[in-house]
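Let's take a walk through this one, with charged pairs as our guide and a helix to finish. Have the viewer open as you read.

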Amino acid sequence: MGTTSPAQLVEQLAGLVLSVDADEAGLTSAYSALGELEEELAADAGEAFAVVKKAIRAVSDLRAIAPKEALKAVSDAAMRLQKLLSAPPQKGAGPKRQARDSETLELVRDFLQESGDGLASADEMLLSIESVGATTEKVNALFRVFHTIKGVAGFLELTEIVSLAHSTESLMNEVRDGRCPLSGEALDLVFKATAVLRQNLDALKEACEASVELVPHPEAPGLIVRLKDFLGRLPPVADDAPPMPVITTMPAPSSPSSITPKTPAPAPVASSFTPLPSAAAVVPAPRPSASIPLSSAPELAPRASAPAPEPLPAPEPDAPAPSAPRPSAPSAAGPAVATKMRETVKVDLERVDSMVEMIGELIIVESMLKHSRELSSTTLNMRNTLGQLGKISRDLQNAAMRMRTVPVHTAFQKMARLTREVGRKAGKEVVLVTSGEGTEMDRAMVERLEDPLVHMVRNACDHGIEAPADRLAAGKPATGTLTLSASHKGGSIIIELSDDGAGLNRERILKKAIEKGLVSSGVALTDSEVFQLIFAPGFSTAAKVTEVSGRGVGMDVVKRNVEAMRGRVVIESVLGQGSTFRLVMPLTLAIIDGMLISVGKERYLVPSLSIVEALQPTREMLSSMGERDELLTVRGQVMPMLRLSTLLGVEDARTDPTTALVVVVESVGKRIGLLVDQVIAQQQVVIKALDKGVGRAEFYSGAAILSDGCVGLILNIDKLCGLITYKHRVTSGDAQPEARP
Amino acid sequence: MDTHTTPAAVAPQLATLAGKYMTFRVGGEEYGLEILKVRELIGLLEITRVPHAPHGVRGVVNLRGKVIPVVDLRMHLGISSENAAARPVIIVVQLQTPTGPITTGVLVDQVLEVRNIASAQIEPPPSFGRDDEATRFILGIAKAEKRVILLIDIDLILASTNLSLVA
């Protein structure tokens with residue numbers, strides 16, 4: 001072998017891809033070309049080799065099923081290979097141009113995790129410094145965060161991150177040495193730096209996942225310049241102020257290649273890694289910083305959870321005036337530091353999921369066993385033992401469920417930061433008070449809740465809280481307060497965001513809604529029905545025009561996200577006193593409470609959350625439009641009635657509605673009646689995805705294993721309700737009363 | 001598991017079809033399915049019908065907690081459902097697709113054996129001159145002891161049910 005160079009082979013391959021269509025023959029020759037390349041490249045198992053291997057796998061996997069895809073994989077590979085083989089001057093960059101092998105990726109992943117945690121605690125400390133003042137401890141901790149990030153990023157050759165972390169570290173160093181107070185501009189810069197660093201980390205994560213090169217955050221260079229500028233303006237110090245050489249050599253952001261994480265040759269790995277083992281501990285003990293001008297706040301002595309008696313230093317003129325009540329300002333004592341760290345083990349999420357799944361199976365098998373007919377003839381002893389088994393397996397299930405949950409703390413923390421930013425931008429003073437951060441939720445839900453929370457917080461700051469002057473005029477303290485809380489209630493988790501702002505203006509909303517044709521005038525709507533109007537999709541843009549009434553920007557996003565997690569939004573508001581947005585979320589995404597119904601011989605599950613009521617219709621309640629379309633009147637409300645049997649093609653179902661049952665369901669403000677044979681039972685089921693291989697089964701939101709081991713399909717009520725469209729109609733629907741059976 | 005299939009597997013020349021097959025019966029004929037794709041055999045579980053599923057999909061079953069679709073080979077091979085076995089068997093296969101591996105059950109009348117089929121035994125499937133749904137899924141015909149075993153292209157069969165949902 002080795003007669004043709006890799007470069008030539010790649011040429012050949014690229015030509016091949018251009019010339020062939022996605023047919024067998026073309027793919028076969030492409031495949032063999034790839035095979036040759038693989039042999040050629042086997043010697044230097046670098047990135048090119050990985051690309052070839054991937055392409056080979058793609059072709060062999062996809063050939064039969066999707067020739068087009070396979071061809072695309074080959075052409076992508078060819079393009080990538082051409083770049084790889086031509087870009088670096090063949091050797092020069094030799095060891096540096098190594099692929100991001102799995103070991104590096106592992107390090108990057110650890111780095112992401114650690115830095116993410118570090119930045120989160122930095123945020124927390126910054127917020128607490130802003131509200132109760134700096135302490136030596138906090139400043140040192142902040143310094144360590146940036147120092148660690150700089151160290152590890154340096155080792156991973158993430159230049160962009162290094163230079164930003166370095167500049168921030170320099171600033172923190174000045175602060176630590178007492179040459180500059182951490183407030184005003186300095187504080188803002190550090191805040192900004194954590195934000196940009198976090199964005200850079202996110203970008204890095206994406207870059208690694210997509211194995212492309214890191215595109216630095218556009219704000220980063222500017223921020224570094226600002227940091228440098230700020231440092232330059234500080235009174236010069238005689239000795240040890242670091243001269244910041246790194247910044248000057250900072251690469252222009254337009255050369256992304258230099259930012260790709262690369263592994264240095266193995267030798268330096270060992271040496272350069274040693275100085276930074278587990279995060280914080282490494283940094284040399286804080287210099288005896290006797291004089292931190294700002295730390296007039298008492299040292300929060302033994303980290304008591306009670307936020308020190310608020311002897312607010314009020315040092316800087318431009319620091320927000322510490323007005324009015326600031327109960328436990330955003331994590332004043334920093335719960336992360338204050339509470340004893342729980343010991344944790346990192347476990348692959350997949351393993352946890354598969355264990356949860358298996359335990360779910362165990363529960364089902366156990367219940368099958370318990371309900372088996374043979375059991376009645378066995379001894380009491382046997383049944384006792386089975387009872388015990390049941391108990392243990394349910395405990396096991398609870399324990400497994402808890403493994404998936406995390407405290408909402410992280411999401412709340414981000415909101416504290418957001419409040420600060422949005423409040424500043426809007427020229428208002430807003431503080432966020434959080435409670436119940438320890439409430440645990442399914443981790444997937446915590447992540448998905450962040451988006452809606454962002455919208456809600458933004459709205460509350462933007463529109464809810466009035467400008468300081470207006471607040472004073474209304475007899476309220478100038479500083480607005482947002483309260484974000486989480487709690488368990490019944491089988492749900494309640495996330496509540498309250499503000500003490502202007503409240504929703506019912507009249508304005510109604511007026512706008514009538515203008516937009518969402519409601520016909522003259523309809524009497526309850527307050528909560530009116531408030532639900534702000535969730536209407538088109539409403540958001542309209543609300544911007546009447547910015548005083550506010551609320552509505554992105555509110556449809558909130559509602560959609562929350563409902564996608566099978567939760568709902570309840571609004572309470574008093575004009576002039578503020579509003580409360582309450583998200584009622586299920587405990588977990590994995591389990592739903594369903595009503596098992598039967599149609600003919602088949603059984604289906606209807607999510608209990610969507611069910612309004614079930615009833616047996618009388619003759620008078622039924623009417624029809626034309627031959628096929630049936631209507632049902634329940635207590636004066638007319639709604640369409642769908643026969644599940646017709647919809648799903650079930651043959652032996654009951655045809656006379658008066659002998660069957662109607663389950664009234666509701667979604668997106670529409671109510672419909674579903675004609676079923678029987679309601680069998682209410683039960684909690686573990687949702688299984690029903691994605692591959694059964695087509696676009698859009699009437700189902702999933703499947704579940706029923707207590708007898710059979711599969712039951714979960715009806716997608718949104719889709720069923722979506723079958724019905726109205727020409728004109730109040731979009732509001734029901735106000736979703738708090739308590740529902 | 002890092003090995004990729006040899007280039008030979010890409011070109012479906014008859015020689016490359018040689019290998020180990022699981023043979024089974026559907027209707028009156030004997031069919032063969034590449035053994036490497038077979039995960040396990042299960043006796044018939046209760047199949048839950050999925051209304052509006054693509055043609056050829058019988059429904060879904062509970063495979064130890066996983067919900068997997070079951071395709072009925074009779075529907076794909078154009079065999080009427082008369083004389084279907086009273087106790088059919090589900091062959092669980094796993095295939096690689098662009099969106100990741102798919103596990104699917106294949107409903108057959110009876111599983112026969114696992115046998116080696118040499119390339120000398122295999123002939124190309126004849127074309128009957130029409131665009132026939134059923135013969136499209138046959139990769140080759142193997143002769144074995146006076147019998148004929150039809151080697152089916154399970155990927156194509158499953159892709160056809162999956163494609164019909166994309167359309």
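Is B:Arg147 buried, partly exposed or exposed? With a relative accessible area of 30%, B:Arg147 counts as partly exposed, where buried means under 20% relative accessible area, exposed means over 50%, and partly exposed is in between (1.4 Å probe, protein chains only).

Some housekeeping before going on. This is a predicted model, in which local features need pLDDT of at least 70 and side-chain atom pairs count only at pLDDT 80 or more, while totals for chains, interfaces and linings use all residues. Residues are numbered from 1 along each chain as its sequence is written, chains are lettered from A and ligands numbered from 1 in the order in which they are written, and side-chain values use heavy atoms, with hydrogens and water left out.

Back to that arginine. B:Arg147 forms a salt bridge with B:Glu113, their closest N and O atoms being 3.7 Å apart; the term asks for a side-chain nitrogen of Lys or Arg within 4 Å of a carboxyl oxygen of Asp or Glu. B:Glu113 sits in strand S8 of chain B and B:Arg147 in strand S11 (residues 147–152) of chain B, so the pair ties together parts that are 34 residues apart in sequence. Strands here are DSSP runs of E, at least two residues, and helices are runs of H or I, at least four, numbered from the N terminus. B:Glu113 is partly exposed too, at 31%.

B:Asp109 and B:Arg74 meet in a salt bridge at 2.5 Å, N to O. B:Asp109 lies in the loop between strands S7 (102–108) and S8 (110–117) of chain B, and B:Arg74 in helix H2 (residues 73–77) of chain B, so this contact ties together parts that are 35 residues apart in sequence. Both B:Asp109 and B:Arg74 are buried.

Now hop over to chain A. A:Glu563 and A:Lys559 pair up at 3.6 Å, N to O, in a salt bridge, and both lie in helix H21 (residues 555–564) of chain A, four residues apart, about one turn of the helix. A:Lys559 is buried at 16%, whereas A:Glu563 is partly exposed at 26%. Over all chains, the count comes to 30 salt bridges.

Last stop: helix H7 (residues 159–176) of chain A. Its 18 residues reach 25 Å from first C-alpha to last, close to the 26 Å expected at 1.5 Å a residue, the expected span being 1.5 Å times one less than the number of residues. H7(A) is mostly covered, with 17 of its 18 residues buried. After H7(A) comes A:Gly178, whose phi is positive, near 80 degrees.
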